[in-house]
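Subject: Handing over the model

Hi,

Here is the structure I promised to pass on to you. Please open it alongside this note, and then read on for what I found.

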Amino acid sequence: MPPRITALTDPEPTPSSWRRAWLAADAEGMPVGSAFLRLFVKEGQRHLAELEVAVHRAERRRGVGSALLDAAVAAARHEGRRSVLAQAEEGSPGDLFLAARGFRRVLALTYARLPLADADLTRIDAIAEQAHDCYRLTEWEGTVPPELARTYAESRRAMDDMPMEGTDYGTVVWDVERVVSAAEAIAKRGDLLNTVAVVDTRDGAVVGFTELVVPGDGQGDGQHYGTAVLPEHRGHGLALWMKAHSIRLARRRHPDLAALLTDTADSNTPMRRVNDTLGYLPTLKAVEYQLDL
């Protein structure tokens, strides 16, 4: 008997996206799987949706995943989306499922972890303390200070040329409102956002940044969100400088934090080199898939 698919409503839309959701149940009404489709609404990404499908291990190969996928793809088409992205661990059932249902591989990712108890803090401190002519570091917790808000928002274009290979990811258009909303969303769920930025001392503008999100209780693993430097300021070791300083700050402010997590496109050689230099250890490989509608 095919699973019963029930559409659900996302209770928490954000300024940049909202979600459709579906629950799959068996003949007895027991949940056996779910799907979430995130629909982006900001300029530059209105063509895009991101999909997550999960099926209980004991219920796989019974049509549950396919039924959820059909519902999500139909919704994406109805909303006028051009592309649906989904991610799976390389070699996992999800990897095989997506490949068999018309998705194509567009990006390879490496996830890595820096166990803080084993980190070479002497080396990290030395990198963080290096002077860089015409640049200085600054940092803040939560929302960007008003005096830096405009140039920080403008510096977000540093992510525009991040290696995405064949992914139809579009362009994320950042302004001060979006920067503030993103920080508020993190605070609302109880996490702590720590940002380290590079400022050009010649004009006082932010030219690079790295973000770290830490659990509200300061325990477990922190997650790096984005690290980028504007193209015209690259080649000076600024990304390594910022990330080393971010690690040092995390260690001081959150002594019970276990590790820091990051993920990087395999084609992003400069950032992979930064992570290797700082001691991040690969934990798994993932594949980004895309369905062209």
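This is a predicted model: local features need pLDDT of at least 70, side-chain atom pairs count only at pLDDT 80 or more; totals for chains, interfaces and linings use all residues.

Residues are numbered from 1 along each chain as its sequence is written, and side-chain values use heavy atoms, with hydrogens and water left out.

**The sheet**

Helices (H or I, at least four residues) and strands (E, at least two) are DSSP runs, numbered from the N terminus. Twelve strands make up an open sheet of mixed pairing, in the order β1-β2-β3-β4-β5-β12-β6-β11-β10-β9-β8-β7; two strands pair if DSSP finds at least two bridges between them. The edges belong to β1 (4-9) and β7, each of which has a single partner strand, so one side of each lacks a neighbour in the sheet. From one strand to the next, the twist averages 25°.

On one pairing, β5 runs parallel to strand β4 (residues 48-55), joined by four bridges, and glutamate 50 has leucine 85 in β5 as its bridge partner. On another, β5 runs antiparallel to β12 with seven bridges, and alanine 88 stands opposite valine 287 in β12. Together, β4, helix α1 (residues 64-78) and β5 form a right-handed β-α-β unit (right-handed if, with the strands pointing away from the viewer, the path from the first strand over the helix to the second runs clockwise).

Elsewhere in the sheet, β9 pairs with strand β10 (residues 220-229) in the antiparallel sense over five bridges, where valine 213 faces glutamine 223 in β10.

**The helices**

Helix α2 (residues 93-100) lies across β5 (83-89), β6 (104-115) and β12 (281-292), at about 150° to β5. Helix α7 (residues 269-278) lies across β6, β10 and β11 (257-265), at about 155° to β11. For these angles, axes are lines fitted to C-alpha atoms, for helices over the stretch in contact, and angles run from 0 to 180 degrees between N-to-C directions.

In helix α3 (residues 121-128), the residues Ile124, Ile127 and Ala128 are buried. They sit on the same side of α3 because they cover an arc of only 95° around the axis, taken from the directions from the helix axis to the C-beta atoms. Their cover includes β7, α6 and α7.

Helix α4 (residues 146-155) has Leu148, Ala149, Thr151, Tyr152, Ala153 and Ser155 buried. These pack against β7 (135-141), α5 (176-188), β8 (192-200) and β9 (205-214), with contact meaning heavy atoms within 4.5 Å.

**The cores**

A nonpolar core here is a set of buried Ala, Val, Leu, Ile, Met, Phe, Trp, Tyr and Cys residues joined through side-chain atoms within 4.5 Å. The largest one has 42 residues, of which Val144, Tyr152, Val198, Ile247, Leu260, Leu278 and Tyr280 touch the most other members. Helix α6 (residues 238-253) gives the largest share of this core, eight residues. A second, separate core has 25 residues, including Ala75, Val84, Ala86 and Phe103.

- Threonine 110 is in strand β6 and is buried at 14% relative accessible area.
- Threonine 167 is in the loop between α4 and α5 and is buried, at 11%. Leaving aside neighbours within four places in sequence, threonine 167 contacts Leu85, Val106, Leu107 and Gln290.
- Glutamine 45 is in the loop between β3 (31-40) and β4 and counts as buried at 2% relative accessibility. Beyond four places in sequence, glutamine 45 contacts Phe40, Arg81, Tyr169, Thr171, Val172 and Arg178.

Happy browsing!

Definitions and conventions
Buried means under 20% relative accessible area, exposed over 50%, partly exposed in between (1.4 Å probe, protein chains only).
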